[in-house]
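Thanks for coming. Please have a look at it first.

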Amino acid sequence: MSITVLTTGGTIDKVYFDANSTFQVGDSVVSELLRQAHVELPVEINGLMKKDSLELTDADRAAILAAVQQTPGQQIVITHGTDTMTQTAAVLAAARDKVIVLTGAFSPARFAMSDAIFNIGMAFAAVQTLQPGVYIAMSGQVFEAHRVVKNLAAQRFELRSTDGSTDE
């Protein structure tokens, strides 16, 4: 049984062209990151789209859910932009009996000091050890997706408390 990786774009795959931050989402770097990390597990990588997560539509999220539901295996890692990762995770809650781990990066994998390889590693460890559900693996933590919010100012994900505030 292999781990399926679905790529959607986001910062992890961005390519910057100039000092004015002109960018486009490039080809996925996941296979190269796995090669560098000496991952020898069976992996199937499927590129679904190349979009900044702020550009994802409801139709895109439905396509991601359909791809998850059509994946024969139960272990799925999804690379995704961080800005709307929690919205996509909420849609993916409809997928039952699968371990789904979303991850991304706060800086592109092509940057020397990127968090991308660490986050991919966390996602791969998480998808192999967690019970079915939807999770977000970022910055050394694994969160149940419905319990997390992105703190844009701090550039991190945080637990959402039951009253809607964040726990630090």
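I start with a term: a salt bridge here is a side-chain nitrogen of Lys or Arg within 4 Å of a carboxyl oxygen of Asp or Glu. Before using it, the ground rules. This is a predicted model, in which local features need pLDDT of at least 70 and side-chain atom pairs count only at pLDDT 80 or more, while totals for chains, interfaces and linings use all residues. Residues are numbered from 1 along each chain as its sequence is written, and side-chain values use heavy atoms, with hydrogens and water left out.

By that rule there are four salt bridges. One of them joins R35 to E32, with the closest N and O atoms 2.5 Å apart. Both sit in helix α1, residues 30–36, and because they are three residues apart, about one helical turn separates them. Helices (H or I, at least four residues) and strands (E, at least two) are DSSP runs, numbered from the N terminus. For burial, I call a residue buried under 20% relative accessible area, exposed over 50%, and partly exposed in between, with a 1.4 Å probe and protein chains only. R35 is exposed at 53%, and E32 is partly exposed at 32%.

Another salt bridge runs from K51 to D60, 2.6 Å between the closest N and O atoms. Here K51 is partly exposed at 24%, whereas D60 is buried at 12%. The side chains of R156 and E158 also form a salt bridge, 2.7 Å from N to O. E158 is buried, at 4% relative accessible area, and R156 is partly exposed at 32%.

Now the chain as a whole. It has four helices and eleven strands, and 45% of its 168 residues count as buried. Taking contact as heavy atoms within 4.5 Å, residues 24 or more positions apart account for 61% of the contacts with a separation of 6 or more.

On to the interior. A nonpolar core is a set of buried Ala, Val, Leu, Ile, Met, Phe, Trp, Tyr and Cys residues joined through side-chain atoms within 4.5 Å. The largest one has 22 residues, and those touching the most other members are V68, I78, L92, I100, L102, V134 and I136. At least two residues come from each of α2, β5, α3, β6 and β7, with α2 giving the most, four. Apart from this core lies another, of 21 residues, including L34, V99, A116 and I120.

Which residues of α3 are buried? They are M85, T88, A89 and L92. Down the axis of α3, these fall within an arc of 105°, so they line one face of the helix; the arc is that of the directions from the helix axis to the C-beta atoms. Their cover includes α2 (58–70), β5, β6 (99–103), β7 (133–138) and β10 (156–160).

H80 lies in the loop between β5 (75–79) and α3 (85–92). Is H80 buried or exposed? It is buried, at 1% relative accessibility. Its side chain makes a polar contact of 2.7 Å with that of T88. A polar contact is a pair of N or O atoms within 3.5 Å; within protein, one must be able to donate a hydrogen and the other to accept it, and residues adjacent in sequence count only if both atoms are side-chain atoms. Leaving out residues up to four places away in sequence, H80 touches T8, G9, G10, S53, L56, M85, T88, L102, T103 and G104.
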